[in-house]
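I opened my notebook to look at how the pieces of this chain meet one another. Here is the model I was looking at.

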Amino acid sequence: MIAVVASEDADTSRVNWSIRLVDAEAEQWDDLLIRVRKKTGRRTLSKADIMRALVTLAAAESPVQAALVDALT
């Protein structure tokens with residue numbers, strides 16, 4: 001489940017979103033964040049940074065998008 005949340009004082013150029021994960025999925029997110037932080041050396045890297053990069057990569061006609069389509073079909 002993905003929800004879009006807006007607040008009155010929010011920057012209108014940004015949209016907040018949330019996603020409900022089961023325990024295993026939440027652990028995967030945490031593990032991915034830790035691995036990517038180590039590989040990039042970016043201690044302040046966030047899950048939002050990762051999601052933005054994944055969306056950008058998958059938005060282009062790319063192997064990432066093909067893998068996404070395969071995973072969802």
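Entry 1, H1 against H2. I looked up which residues touch here: Trp29, Asp30, Leu32, Leu33 and Val36 in H1 meet Lys47, Ile50 and Met51 in H2. Contact means heavy atoms within 4.5 Å. By class I found six nonpolar, no polar and two charged residues in this contact. For the classes, Ala, Val, Leu, Ile, Met, Phe, Trp, Tyr, Cys and Pro count as nonpolar, Asp, Glu, Lys and Arg as charged, and the others, Gly among them, as polar.

A note on the source: this is a predicted model, where local features need pLDDT of at least 70, side-chain atom pairs count only at pLDDT 80 or more, and totals for chains, interfaces and linings use all residues. Residues are numbered from 1 along each chain as its sequence is written, and side-chain values use heavy atoms, with hydrogens and water left out.

The axes of H1 (residues 23-40) and H2 (residues 47-59) come within 10 Å and cross at roughly 85°, which means H1 is roughly perpendicular to H2. Roughly perpendicular covers 65 to 115 degrees; axes are lines fitted to C-alpha atoms, for helices over the stretch in contact, and angles run from 0 to 180 degrees between N-to-C directions.

Leu57, Ala58 and Ala59 in H2 meet Val64, Gln65 and Leu68 in H3. I sorted that contact into five nonpolar, one polar and no charged residues.

Is alanine 58 buried or exposed? It counts as buried because its relative accessibility is 14%, and buried means under 20% relative accessible area (1.4 Å probe, protein chains only). Leaving aside neighbours within four places in sequence, alanine 58 is in contact with Val64, Gln65 and Leu68. I also noted 9.6 Å between the C-alpha atoms of alanine 58 and valine 69, 11 residues apart along the chain.

I found three helices and two strands, running β-β-α-α-α from the N terminus. Helices (H or I, at least four residues) and strands (E, at least two) are DSSP runs, numbered from the N terminus. Buried residues make up 8% of the 73 residues.

The chain averages a pLDDT (the predictor's confidence in each residue, from 0 to 100) of 86.

Notes. Buried < 20%, exposed > 50% of the residue type's maximum accessible area, 1.4 Å probe, protein only. Parallel < 35°, antiparallel > 145°, perpendicular 65-115°, else oblique.
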